[in-house]
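This report concerns a predicted model. The account below takes up ring contacts, the nonpolar core, the surface and the backbone in turn.

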Amino acid sequence: MKSGPVAFLLWLLGLVGFCGLHRFYTGRIWTGLLWLLTLGLLGIGQIIDLFLLPSMVREANLEHRVETMEAGRLR
């Protein structure tokens, strides 16, 4: 399960140049690499992610729950 406060702390690291860590944390590997290589799309994407981050965490947690339920059903 992903934590909102941890995701926001990782987002804050983007303000000092480590952009995209919050995207890696929520399972968005390719966009995390894009953010990392472009400094958060020149800062614009980093600011937009401040508002999108709660939904990213919810979606990552929902995906985890679904995978757990499917794994339990296959046993």
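Two rings of Phe, Tyr or Trp, the last represented by its six-membered ring, are paired if their centres lie within 6.5 Å. By this rule, the predicted model has 0 aromatic pairs.

Rings do, however, take part in contacts with charged side chains. The charged end of K2 is placed over the ring of Y25, 4.9 Å from the ring centre. R23 lies over the face of W35, at 4.1 Å from the centre of that ring.

Y25 also belongs to the largest nonpolar core, which has 6 residues in all: A7, W11, Y25, L53, M56 and V57. Helices α1 and α5 each supply at least two residues of this core. The largest share, 3 residues, comes from α5. As a general background, nonpolar side chains in soluble globular proteins tend to be buried together.

Helix α5 spans residues 44-74 and includes E63. The relative accessibility of E63 is 42%; because this value falls between the 20% and 50% limits, the residue counts as partly exposed.

L9, L12, L13, L15, V16 and F18 make a nonpolar surface patch of about 600 Å². Of these residues, L13 is placed in helix α1, which covers residues 4-13. L13 has a relative accessible area of 35%, and therefore counts as partly exposed.

Most residues other than glycine have a negative phi. Which values of phi do L41 and L42 have? L41 has a positive phi of about 55° although it is not a glycine, and L42 likewise has a positive phi, near 60°. L41 is located in helix α4, residues 39-42, and L42 is in helix α4 as well. L41 is partly exposed, with a relative accessible area of 35%, whereas L42, at 75% relative accessibility, counts as exposed because the limit for that class is over 50%.

The accessibility values discussed above are collected here.

| Residue | Relative accessible area | Class |
|---|---|---|
| L13 | 35% | partly exposed |
| L41 | 35% | partly exposed |
| L42 | 75% | exposed |
| E63 | 42% | partly exposed |

Notes: Residues numbered from 1 in each chain as written. Predicted model: local features only at pLDDT ≥ 70, side-chain atom pairs only at ≥ 80, totals over all residues. Heavy atoms only, no water. Phe/Tyr/Trp six-rings, centres within 6.5 Å; stacked < 30°, edge-to-face > 60°. Lys NZ or Arg CZ within 6 Å of the ring centre and 35° of its normal. Helix = DSSP H or I, 4+ residues; strand = E, 2+ residues; numbered from the N terminus. Buried < 20%, exposed > 50% of the residue type's maximum accessible area, 1.4 Å probe, protein only. Patch = residues over 30% accessible without salt bridge, like charges linked within 9 Å, V, L, I, M, F, W, Y side chains within 5 Å. Areas by Shrake-Rupley, 256 points an atom, 1.4 Å probe, with all protein chains shown as cover. Salt bridge = Lys/Arg side-chain N within 4 Å of Asp/Glu carboxyl O. Core = buried A, V, L, I, M, F, W, Y, C linked by side-chain atoms within 4.5 Å.
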